[in-house]
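Dear colleague,

Please find the structure below, together with its sequence. My notes on what was found in it follow.

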Amino acid sequence: SETVIKCKAAVAWEPNKPVTIEEIEVAPPEADEVRIKIVATSVCHTDLYHLFEGMHKDGFPVVLGHEAAGIVESVGSGVTEFQPGDKVIPLFLAQCRDCRFCKSPKTNQCEKAWSHRADAMSPLRSRLTCKGKKVYQFSGISTFSEYTVVKQINVTKIDPAAPLDKVCLLGCGICTGYGAAVNTAKVDEGSTCAVFGLGAIGLAAVMGCKNAGAKRIIAVDINPDKFEKAKVFGATDFVNPKDHDKPISQVLFEMTNGGVDYSLECVGNVGVMRSALESTIPAWGVSVIVGWTTLHDFSAPPGDLIAGRTWKGTMFGGFKSKDGVPEMVNAYMNKKLMVDEFITDNMTFDQINDAIEMMKHGKCIRTVLTFTE
């Protein structure tokens, strides 16, 4: 359709302030673009990171949100993969299927992604305007809006029977944590794992370790309220670093006869990243950095790696996005993957600031926001 759509969106005009619900204009899709009606969206910590921690001056005004599901409203010229009415999940990580990265089994990155403005966390191109001003599209998608326009390489079609208010979580958090364990760490059967940080990503990592056959999964968090939830996803042991007067790596070392086989840092804190590395067994330990931060550098003595440890990072859990997300939706539909258990709250879109506050204070795992007609 050639028309501009006027709709509601949550605009972050400046860092460190509540978002405001505004009427915005969403342009029609151009070549190779898709306009999507967002049905359900969830708040992820990366949205908060941009708003309250990264606060990059060139990243505002912006419509945040990148974990969502919706229905194609219209498509631009050259789009053959999608038709109006398709159920889709927008992807912050592109998959063009053409570039050397997409053609390689070694990575899930795509050369056509928007990462040239990584700190501002949004490409320069935007199809959204508010009060005559261009508003950036967070991570190229912006799902805190009733409608959004996305490049077709940033969208994937999913099972039409999938409940959008559940599978929206597969657009970021669950795939990121789960894939960090199964794709990046490559957790194997009978192994011992430690997961640091039990937000949605950490809990998904616990679930990944369990599904990969780990025999012992140690959940580490300074908030003991998270331990009951972690048990649901398969954690076997629980450690609160605040209960110990020695470093957490030493506690885990003693619990596991020399360190865990795999550790996953799901916080985005460089001190925790180092602890997670040091918690693995020196001979073959693998530690994966899953949490996002740009504020500090990590460091470790070279000896921590020389004996045989591996330190790696992961984005979106190593899933090639267009391929991986529909597979994860199918796994959920076939009862092989927990999704509903992550949802602690359901709210209407108008309550978005409440949802942001709840996540900021660790009072929820995932809150799903739906648009009321």
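**The barrel**

In this predicted model, 5 strands close into a barrel in the order 1-2-7-8-4, and the pairing is mixed. Helices (H or I, at least four residues) and strands (E, at least two) are DSSP runs, numbered from the N terminus, and two strands pair if DSSP finds at least two bridges between them.

Strand 1 (residues 5–12) and strand 2 (residues 20–26) run antiparallel and are joined by 7 bridges; Lys6 has Glu25 in strand 2 as its bridge partner. Strand 2 also runs antiparallel to strand 7 (residues 128–130), with 2 bridges between them, and here Val26 is partnered by Leu128. By contrast, strand 4 (residues 62–63) and strand 8 (residues 133–137) pair in the parallel sense over 2 bridges. The bridge partner of Val63 in strand 8 is Gln137.

The UniProt record (an unreviewed entry) places the feature "domain: Alcohol dehydrogenase-like N-terminal" at residues 31–158. UniProt positions are given in the numbering used here, feature names are shortened, and annotations may be inferred rather than shown by experiment. Over residues 31–158 the chain is 8% helix and 32% strand, and the end C-alpha atoms are 22 Å apart.

An open sheet of 6 strands has the order 13-12-11-14-15-16, with parallel pairing. Its edge strands, each pairing on one side only, are strand 13 (237–239) and strand 16 (310–313). On average, neighbouring strands of this sheet are turned by 20° against each other, direction ignored. Axes are lines fitted to C-alpha atoms, for helices over the stretch in contact, and angles run from 0 to 180 degrees between N-to-C directions.

Within the sheet, strand 11 (residues 192–196) and strand 12 (residues 216–220) pair in the parallel sense over 5 bridges, and Thr192 has Arg216 in strand 12 as its bridge partner. Helix 4 packs on the sheet and touches strand 11, strand 12 and strand 14 (262–265); contact means heavy atoms within 4.5 Å. The direction of helix 4 makes about 170° with that of strand 11. Helix 7 (residues 270–278) also packs on the sheet, touching strand 11, strand 14, strand 15 (286–289) and strand 16, and its direction makes about 175° with that of strand 14.

**Helix pairs**

The axes of helix 3 (residues 173–185) and helix 4 (residues 200–211) come within 7 Å and cross at roughly 40°, which makes helix 3 oblique to helix 4. Angles under 35 degrees count as roughly parallel, over 145 as roughly antiparallel, 65 to 115 as roughly perpendicular and the rest as oblique. The residues that meet include Ile174, Tyr178 and Val182 in helix 3 and Ile201, Ala205 and Met207 in helix 4. By class, this contact has 9 nonpolar, 5 polar and no charged residues. Ala, Val, Leu, Ile, Met, Phe, Trp, Tyr, Cys and Pro count as nonpolar, Asp, Glu, Lys and Arg as charged, and the others, Gly among them, as polar.

Helix 1 (residues 45–54) and helix 10 (residues 352–360) pack at an angle of about 95°, with their axes 10 Å apart; they are therefore roughly perpendicular to each other. His45, Leu48 and Phe52 of helix 1 make the contact with Ile356, Met359 and Lys360 of helix 10, a set that divides into 4 nonpolar, 1 polar and 1 charged.

**Basis of the values**

Residues are numbered from 1 along each chain as its sequence is written, and side-chain values use heavy atoms, with hydrogens and water left out. Local features need pLDDT of at least 70, side-chain atom pairs count only at pLDDT 80 or more, and totals for chains, interfaces and linings use all residues.

With kind regards
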